[in-house]
Amino acid sequence: MALSTLQKKQIVGVTGLVMVGFVLAHLSGNFLIFKGAESYNGYAEFLESLGALLWVARIGLIVSFVLHMAFTINLVIINRKARNSRYYAYQNHRNESSLATRLMPLTGTVIFLYIVFHLLDFTFADKSGIPDGLFGLVVKTLGSPIHSMMYIVAMVCVGLHMFHAFQSVFQTFGVMSANNQVAITRVSRALGVLVAIAFSSIPLYILITF
Ligand code: HEM
């Protein structure tokens, strides 16, 4: 059974929301860096102590990530084909989209590349023999100005992506109306700006303090 374009958009939306949930949880965990090594490492140990439950969450995240990218790429291809059709040429397509909307393919690609490097930095890194454990590794890694700057660029891309994407889910599910459109768009934009600032504060803090 082939999925309709709307169903594909709904899958992109739901998997996007799962990842927003992860990003917010990850942000709150990483904020413990401001409390020092003991709190930060304690949080990492707590996550590891979840055992099988952590793996259920990880598998949910990986499945969401793969589906989100696969259906987004598929929708882009369908959209490109439609644009080249004669029918589309007769439509009145004005370019009213915001910068964040037009940057979605770029910010999405940067986030993908960022995650690959980020997992190599921390998840798959050899943590043995590093003073202060995971805290020490994060401080050492983000203590490099070039590394930190690349992180900040990626954090801004995460924020820009959410700036547009969060409200887009409400549109996809037909929840947006003339009454709530302004409020939903504001919440989405505020979320994007806050996530970018909050995440960027971590490498900035490390650069200034250590
Ligand atoms: C300055 C900001 C960030 C810091 C300091 C940070 C730190 C970390 C650390 C230390 C780990 C490894 C945890 C462990 O091995 O126990 C990790 C894992 C991860 N991070 Fe981040 N992170 C940041 C931002 C982000 C962002 C913005 C995203 C997503 C867009 C992200 C996605 C992930 C993912 C997917 C994992 C793997 C999770 C897992 O294995 O369970 N991180 N991060």
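How many helices and strands does the secondary structure of the protein chain come to? The chain has nine helices and zero strands. The model is predicted.

**Fold.** Read from the N terminus, the elements run α-α-α-α-α-α-α-α-α. The C-alpha atoms fill a box of roughly 65 × 40 × 35 Å along the principal axes. Of the 210 residues in the protein chain, 18% are buried. Among contacts with a separation of 6 or more, 80% join residues 24 or more positions apart.

**Ligand shell.** The ligand is surrounded by 20 residues. Asn30, Ala44, Phe122, Thr123 and Ile202 are the closest. The largest share, six residues, comes from α6.

**Helix pair.** α6 also meets α8. Their axes come within 9 Å and cross at roughly 135°. The two helices are therefore oblique to each other. The crossing is left-handed. On the α6 side, the contact uses Met104, Thr107, Gly108, Val110, Ile111 and Tyr114. On the α8 side, Ala154, Cys157, Val158, Leu160, His161 and His164 take part.

The table gives the residue classes of the shell and of this contact.

| Site | Nonpolar | Polar | Charged |
|---|---|---|---|
| Contact of α6 with α8 | eight residues | four residues | no residues |

Definitions and conventions: Residues numbered from 1 in each chain as written. Predicted model: local features only at pLDDT ≥ 70, side-chain atom pairs only at ≥ 80, totals over all residues. Near = placed C-beta within 6 Å. Helix = DSSP H or I, 4+ residues; strand = E, 2+ residues; numbered from the N terminus. Axes fitted to C-alpha atoms, helices over the stretch in contact; angles between N-to-C directions. Parallel < 35°, antiparallel > 145°, perpendicular 65-115°, else oblique. Left-handed = near helix turned anticlockwise from the far one by under 90°. Contact = placed C-beta atoms within 7 Å. Nonpolar A, V, L, I, M, F, W, Y, C, P; charged D, E, K, R; others polar. Buried ≥ 20, exposed ≤ 12 C-beta atoms within 10 Å, placed from the backbone.
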